[in-house]
Amino acid sequence: MALEFFSKIEELIPVLKQEEDNMRKAGHIVAQSIMSGGILQAFGSGHSASVAIEICGRAGGLIPSKQVKELSGGHYERIEGVGT
C-alpha cells in the first residue's frame, strides 16, 4: 500500500509543476485581497471540512479567515447526486 501511495505522488508531481504559474497567481490574488482588508472564507462538507478547520481556527494564525459552516453538520455530502 505504501508503494501505491508513492507511485501516485510521483504521477502528480508533473501535474503540480504544470500548474505552478496558476498556483502562484492564485496565491497572489489571495494575498492582495488580504492586504486590502479581505478575508479568506473556507468551506468543506463532511471530511473536507477538516481543510477549512485547518485554515481557520489556528491560534496565532496569520491569515484572516472564516469557516463557512455547513448547517447539516456534514450530512449534506450524503445526499444522492450532490457529489457528482
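Residues 4-68 have end C-alpha atoms 34 Å apart, and the span is 60% helix and 12% strand. The model is predicted. An unreviewed UniProt entry lists residues 4-68 as "domain: SIS".

The domain assignment divides the chain in another way. Domain 1 covers 1-38 and domain 2 covers 39-83. Taken over C-alpha atoms, the centres of domain 1 and domain 2 are separated by 19 Å. Contact between them involves four residues of domain 1 and four residues of domain 2.

Now to helix H1. The helix runs over residues 2-18 and includes Glu10. Ile9 also lies in helix H1. Their accessibilities compare as follows.

| Residue | Relative accessibility | Class |
|---|---|---|
| Ile9 | 35% | partly exposed |
| Glu10 | 56% | exposed |

The classes follow from the cut-offs. Glu10 counts as exposed because its relative accessibility is 56%, and exposed means over 50%. Ile9 has 35% and therefore counts as partly exposed, the class between 20% and 50%.

Ile9 also belongs to a nonpolar surface patch.

Where does Glu10 stand relative to Lys69? The two residues are 59 residues apart along the chain. Their C-alpha atoms are separated by 34 Å.

Methods:
Residues numbered from 1 in each chain as written. Predicted model: local features only at pLDDT ≥ 70, side-chain atom pairs only at ≥ 80, totals over all residues. Heavy atoms only, no water. Helix = DSSP H or I, 4+ residues; strand = E, 2+ residues; numbered from the N terminus. Buried < 20%, exposed > 50% of the residue type's maximum accessible area, 1.4 Å probe, protein only. Patch = residues over 30% accessible without salt bridge, like charges linked within 9 Å, V, L, I, M, F, W, Y side chains within 5 Å. Areas by Shrake-Rupley, 256 points an atom, 1.4 Å probe, with all protein chains shown as cover. Salt bridge = Lys/Arg side-chain N within 4 Å of Asp/Glu carboxyl O. UniProt positions renumbered as here; feature names shortened; annotations may be inferred. Domains from an automatic or database assignment. Contact = heavy atoms within 4.5 Å.
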